[in-house]
Number of protein chains: 2
Amino acid sequence: LEKLYVIKVGGNIIDDPVKLSSFLKDFASIDEKKILVHGGGKLATKLAVQLGIPQKMNEGRRITDAETLKIITMVYAGYINKNIVAQLQANGCQAVGICGADGNLILAHKRNHPEIDYGYVGDIDKVSAEGFTQFLALGFVPVIAPLTHDGKGLLLNTNADTIAQEISKSMSASFDVTLIFSFEKSGVLTNAEDDHSVIDNLNPEAYKELKEKNIIFAGMIPKLDNAFTALDHGVKQVIVGKAEQLRQLIVNAAGTKITNET
Amino acid sequence: LEKLYVIKVGGNIIDDPVKLSSFLKDFASIDEKKILVHGGGKLATKLAVQLGIPQKMNEGRRITDAETLKIITMVYAGYINKNIVAQLQANGCQAVGICGADGNLILAHKRNHPEIDYGYVGDIDKVSAEGFTQFLALGFVPVIAPLTHDGKGLLLNTNADTIAQEISKSMSASFDVTLIFSFEKSGVLTNAEDDHSVIDNLNPEAYKELKEKNIIFAGMIPKLDNAFTALDHGVKQVIVGKAEQLRQLIVNAAGTKITNET
């Protein structure tokens, strides 16, 4: 099977023009087929504050009301997505910036939670592997903003890690997929304060233990749940690491390798 | 040659959800190959005002400074583009929302004016007919936000009428192209106040005369200049008319037909 990298680049890197630019240069230099999924960063929240739109939270999770969805669509699919595309193009990469609504690539439904209304948040039903494969076959590099749609005209705010995982799973039927979650840290750490405390390999047993000891916590848990889910569904490799080390991450020479091996 | 419609939908329609929705339904129902180019509407100006960003004008033309470009990228390529795509998808149309930076489809340079610095405004150098043809061959319907890039990382605000004209010209080597400029009026009018005063056919001689008599003026002039330029470069038909009459416009049963015939 042909190699495919699905690379997620996370929040804090998006907000740092120097780091983002360096990351994009490295991303552009990858010879194999590749898909980039980007997060949102802090600009959406900043813009909401500037516009006086209150950010509704429920147990630490943002509620995406209609005004917030509008801002997210502007910032994620507009400003961030197109600036990434323009920079990748400047580095000779045939980037095409799209979201899950485009080409019906990612179909989702509005989250149906028994107690909490998360608003315009999407849970993914289907990734069009055919659509992504067509883009890749033409030499295009999809750059995905974290929005999906319900096929009935509604855009939905969708977690970028989950998008990366679902694309990886869906593409693994016809590609040898490596999924990379890249962000500001060097990998999964045993000490969140010490960027040198990287765990080289993490399997489900070790993950369970580190969660119980509260060494792995907060935002890292859904990310790693996404990673293990991907491995359980045909994705060949999942690596978590620092965006600035992308060139090492893709050859498994840095970061944390998530593995199902014991 | 296979038929291709390049359809521009203009400002005032973008700001009217009911008219836009009806237009998009008609657009989706066109069986032939098609490309949609949309304008910006008033949301960008509204957002700039809300954010306290002064709108700099020079002789009635907006200057696109860095902050304005940011807003335009958010509103045009984000909010408007993705909402159009989601609606088209809901109507069964395989829309893909992109701008000129995506896939390097429209290369431009920052306008170089001897006296006025228009800021981040692009004049088009090259449309990738190959790229558009690839999208169309896959059954995708390109939906173009009026932004281009310079290939060096810069996004550029670019007139949507001009984008539609340049795409039409470029595609006319391999398609039988009909270019439609659709907006809130019924066509080119002999009396701007009377929507029934539509000129059925307009050739260069009549255009010259109507300009001299000040019957055609203001924003209609660059639109018609674009129309005649398109006809001079291989575009088969150019029609100007009301967005709500799209189904009649495409069969030349409404609006003004721009023609080189005397």
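This is a predicted model: local features need pLDDT of at least 70, side-chain atom pairs count only at pLDDT 80 or more; totals for chains, interfaces and linings use all residues.
Residues are numbered from 1 along each chain as its sequence is written, while chains are lettered from A and ligands numbered from 1 in the order in which they are written. Local features need pLDDT of at least 70, side-chain atom pairs count only at pLDDT 80 or more, and totals for chains, interfaces and linings use all residues; side-chain values use heavy atoms, with hydrogens and water left out.

Let's begin where the chains meet. Chain B contributes 37 residues to the contact and chain A contributes 37 residues, with contact meaning heavy atoms within 4.5 Å. Together the two chains bury about 3000 Å², and 71% of that lies on carbon and sulfur atoms. Buried area here is the accessible area (1.4 Å probe) that two parts lose on being put together, summed over both.

Side chains of opposite charge can pair when their charged atoms come close. Two salt bridges are found across the interface of chain B and chain A, where a salt bridge is a side-chain nitrogen of Lys or Arg within 4 Å of a carboxyl oxygen of Asp or Glu. In a salt bridge between the chains, A:Lys82 meets B:Asp102 at 2.8 Å, N to O. Ten residue pairs, both at pLDDT 80 or more, are in polar contact between chain B and chain A. A polar contact is a pair of N or O atoms within 3.5 Å; within protein, one must be able to donate a hydrogen and the other to accept it, and residues adjacent in sequence count only if both atoms are side-chain atoms.

Which elements of chain B supply at least two residues each to the side that touches chain A? They are α3 (43-50), α4 (66-90), β5 (95-99) and α5 (129-137). Helices (H or I, at least four residues) and strands (E, at least two) are DSSP runs, numbered from the N terminus. Of these, α4(B) gives the most, with 14 residues.

Now for the symmetry. Chain B superposes on chain A by a rotation of 180 degrees with 0.0 Å of shift along its axis (RMSD 0.0 Å), using least squares on the C-alpha atoms of residues with pLDDT of at least 70 in both. That is the relation of a two-fold axis. In chain B, the C-alpha nearest the axis belongs to B:Gly78, at 1.8 Å from it. Both copies use the same surface: 100% of the contact residues of chain B recur in chain A.

Finally, look inside chain A. Its eight strands form an open sheet of mixed pairing, in the order β5-β8-β2-β1-β11-β13-β14-β12. Strands pair if DSSP finds at least two bridges between them. The edges are β5 (95-99) and β12 (201-202) of chain A, each pairing on one side only. Five bridges join β5(A) to β8 (residues 141-145) of chain A, and the two run parallel; A:Val96 stands opposite A:Pro142 in β8(A).

Chain A also has a salt bridge between A:Lys8 and A:Asp161 (2.6 Å, N to O). This pair links distant parts of the chain, 153 residues apart: A:Lys8 is in strand β1 (residues 2-9) and A:Asp161 in helix α6 (residues 160-171).
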